[in-house]
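User: I am new to this structure. Please walk me through it in short steps.

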Amino acid sequence: MEIPTALKRLVRLVLRGFYNVEHTLVMDMLIRKVCVKEEDLETLLKFEKKHLRAIIAQLKNDKMIKTKLKMETGPDGKATRQNYYYINYKGFVNVVKYKLDLMRRKIETEERDSTKRASFICSQCKKTFTDLEADQLWDMASGEFKCSYCGEVVDEDPDVLPKPDSRLILAKFNEQIEPLYLLLKEVEDLKIPADLLEPEPVENVKIEKDNTFSND
């Protein structure tokens with residue numbers, strides 16, 4: 001059995017949407033080779049060791065990839081510890097759902113906060129008022145906004161910069177993320193065997209001359 005194509009597409013779409021090309025190449029290689037040790041990734045991708053480790057560290061920190069430690073016998077006959085990297089697709093899906101939910105909630109929170117921000121200020125006592133509160137300060141007799149505390153004129157606060165309409169931001173977010181939501185829905189009920197979610201390390205990965213990545 002193989003990892004379903006939809007899951008592979010999800011990984012590639014997430015990486016190309018939120019990471020740079022080096023991270024995408026590492027994940028692409030893990031899709032193809034399943035469980036690969038660091039030195040093989042270094043050879044396959046032709047990355048410097050320090051640079052590759054920085055990429056791997058970020059992907060691990062973001063819970064995009066996982067690690068397995070294996071003891072191997074080196075050419076000198078000594079046992080060495082090797083780090084193997086792989087994608088646990090079930091965990092990957094859960095992380096993507098969680099991060100998208102965080103992004104959505106942040107936008108929604110900003111939308112709520114924007115309606116409560118202080119955007120009017122009293123010229124005398126410096127009491128501030130939100131957009132909604134200012135509507136209640138209108139004085140019909142003078143045709144001005146009047147402070148409910150001291151009765152002086154209330155003006156727009158020059159220190160409060162206008163914020164972009166968060167409703168438009170949320171709509172734009174939903175539009176841009178829709179392909180991810182569709183893929184998440186497609187893979188929601190997939191059952192992945194344990195040996196594919198937690199693959200065994202493979203020694204001596206075939207080093208291919210052609211590193212062109214497939215699009216499945």
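Analyst: A residue counts as buried under 20% relative accessible area, as exposed over 50%, and as partly exposed in between. The model is predicted.

User: Is Gly 17 buried or exposed?

Analyst: Gly 17 sits in helix H1, which covers residues 5–18. Its relative accessibility is 55%. The cut-off for the open class is over 50%, so Gly 17 counts as exposed.

User: How far apart in space are Gly 17 and Gln 176, C-alpha to C-alpha?

Analyst: In sequence, 159 residues separate Gly 17 and Gln 176. In space, their C-alpha atoms are apart by 9.8 Å.

User: What distance does helix H2 reach from its first C-alpha to its last?

Analyst: H2 runs over residues 21–33 and has 13 residues. At 1.5 Å a residue, 18 Å is expected. The model comes close to that, with a reach of 18 Å.

User: Which residue has a side-chain oxygen close to the backbone nitrogen of Glu 22?

Analyst: This contact lies at the start of H2. The oxygen comes to within 3.2 Å of that nitrogen. It belongs to Asn 20.

User: Which residue follows H2?

Analyst: Within H2, the buried residues include His 23, Val 26, Leu 30 and Lys 33. The residue after the helix has a positive phi, near 75°. That residue is Val 34.

User: What percentage of the protein chain's residues is buried?

Analyst: The protein chain has eight helices and eight strands. It holds 216 residues. The buried part is 36%.

Methods
Residues numbered from 1 in each chain as written. Predicted model: local features only at pLDDT ≥ 70, side-chain atom pairs only at ≥ 80, totals over all residues. Heavy atoms only, no water. Helix = DSSP H or I, 4+ residues; strand = E, 2+ residues; numbered from the N terminus. Expected span 1.5 Å × (residues − 1). Buried < 20%, exposed > 50% of the residue type's maximum accessible area, 1.4 Å probe, protein only. Polar contact = N/O pair within 3.5 Å; in protein donor to acceptor, adjacent residues only side chain to side chain.
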